[in-house]
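Dear colleague,

Please read them with the coordinates open beside you.

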Amino acid sequence: MRNPSQGYGSDDHKRTPPESPGRKISLLSYLVVFLLGGGVVWGATEAFSSRSLTDDVNSGSRPTSGQRADRQSPQAPVMTPDTDNSAIPPPGNFVAEVVSTVGSAVVRIDAERTVTARSLPPQFDNPMFRQFFGFQTPNAPQERIEQGAGSGFILSSDGKIVTNAHVIDGADSVTVTLRDGRSFEGRVLGSDPVTDVAVVQIEAEDLPAVTLRDSEGLQPGEWAIAIGNPLGLDNTVTTGIISAIGRSSSEVGVADKRVDFIQTDAAINPGNSGGPLLDQEGRVVGMNTAIIQNAQGLGFAIPINTVARIAEELIEDGQVEHPFLGIQMVTLSPQVKENLNRNPNQSFRIEVDEGVLIVQVMPGSPADQGGLRSGDVIRRIDGESVTSAEAVQEAVSRVGVGDRLTLEVSRNGTTETLTVQTGVLGQ
């Protein structure tokens, strides 16, 4: 028999030594302590991490990249920028596009003219006045230089520029300044005060030129863009609409002009004269020219069809010959008829309600030579009915100098047919 105190040999490997109850309790105690200790350590770690993160945010400090990686939850969503919608383009602006395209073809025109003026009023030049007051007034008139500024636009790339005739009227020198700052001496090729159109030539090549649109199709309500140098403020842009078309020169207040104006509410001020009036596509529909004094938001432009026709004649001949009849006329209406027939000093009596009444015939004019008289009422020209003074003027403007017009007139209740050969306006 073996002594219980001896160990077991290798030959006893199939036999398991008995475990005492005390040892089982000890192992279980270690396991419980280990689990409780791990739980405590894990809880402390989480509490410490949360507090540290809160402290970092409140203190404004930024954790390191390693700390951010350790603290990131594996289930946290990853936010990525939306590159497709990150930048929304602004809406298109057609006015800005027009100005960008056409603005370089708009120029500033500076004109200088010498004006002769007396130093004193004429009454002070009386010899008795000078002797009485004991002083001598200068006999020689004094000269001064007047400067004016306007606008214009480049009609062709070889340096032909159109502007208003009144901008360069009587100028001794003309300077054209482009938007890029270059300045050129301008040479006036021709000027027509009747339509207020002039052409200036500068020595330059490959210049940006405007595009013209047929102004016959222009309608009220269309967009209007004006570019010019109003009040000396270069490259000023204003917008509005075409508020009316076919405004007669008498309506605008410039009865000496032969133009049916475009009316616009785009702001046009002194210095805008000669600049372009554009449509929404940047095509020129007119040349800005006139403003009515004390008007609020009304401007006027010469239709570009008229400008182009006059400019072509000025470039070729240096002047424009306008046909005329030599009559003063008024549009007839029932009220006008009644007022005139009431006048006891009236030498004629009007029998019709419509037509164009000839108020006066210029002596020696084509109308005088053709047999027209004061009191005649023009009813037809070349077979077409006319009911306004503007219609007569338009019919005359359509023919050339020396052409013949057949007029049907009412004279004291009878109808007369006369043939008149047009003459040259101003001769």
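The notes below cover aromatic pairs and then salt bridges.

This is a predicted model, in which local features need pLDDT of at least 70 and side-chain atom pairs count only at pLDDT 80 or more, while totals for chains, interfaces and linings use all residues. Residues are numbered from 1 along each chain as its sequence is written, and side-chain values use heavy atoms, with hydrogens and water left out.

Searching the whole structure for aromatic pairs gives 2, where rings of Phe, Tyr and Trp (its six-membered ring) pair if their centres lie within 6.5 Å, and where planes under 30 degrees apart count as stacked, over 60 as edge-to-face and the rest as tilted. One of them is formed by Phe261 and Phe300, which sit edge-to-face with 6.4 Å from centre to centre and 75 degrees between the planes. Because Phe261 belongs to strand 9 (residues 261-264) and Phe300 to strand 12 (residues 299-303), the pair ties together parts that are 39 residues apart in sequence; strands here are DSSP runs of E with at least two residues, numbered from the N terminus. Both Phe261 and Phe300 are buried, a term that stands for under 20% relative accessible area, with exposed being over 50% and partly exposed in between (1.4 Å probe, protein chains only).

The whole structure also holds 16 salt bridges, each defined as a side-chain nitrogen of Lys or Arg within 4 Å of a carboxyl oxygen of Asp or Glu. Among them is the contact between Asp234 and Arg108, at 2.6 Å from N to O. This pair links distant parts of the chain, 126 residues apart, since Asp234 is in the loop between strand 7 (223-228) and strand 8 (236-247) and Arg108 is in strand 1 (residues 106-117). Asp234 is partly exposed at 41% relative accessibility, whereas Arg108 is buried at 19%.

Another salt bridge joins Asp279 to Arg213, with the closest N and O atoms 3.3 Å apart. Here too distant parts of the chain are linked: Asp279 is in the loop between strand 10 (276-278) and strand 11 (284-291), and Arg213 is in the loop between strand 6 (197-201) and strand 7, 66 residues apart. Asp279 is buried with a relative accessible area of 0%, and Arg213 is buried with 13%. Through shared partners, salt bridges connect Arg213, Glu222, Asp279, Glu281 and Arg283 in one network.

Conventions
Helix = DSSP H or I, 4+ residues; strand = E, 2+ residues; numbered from the N terminus.
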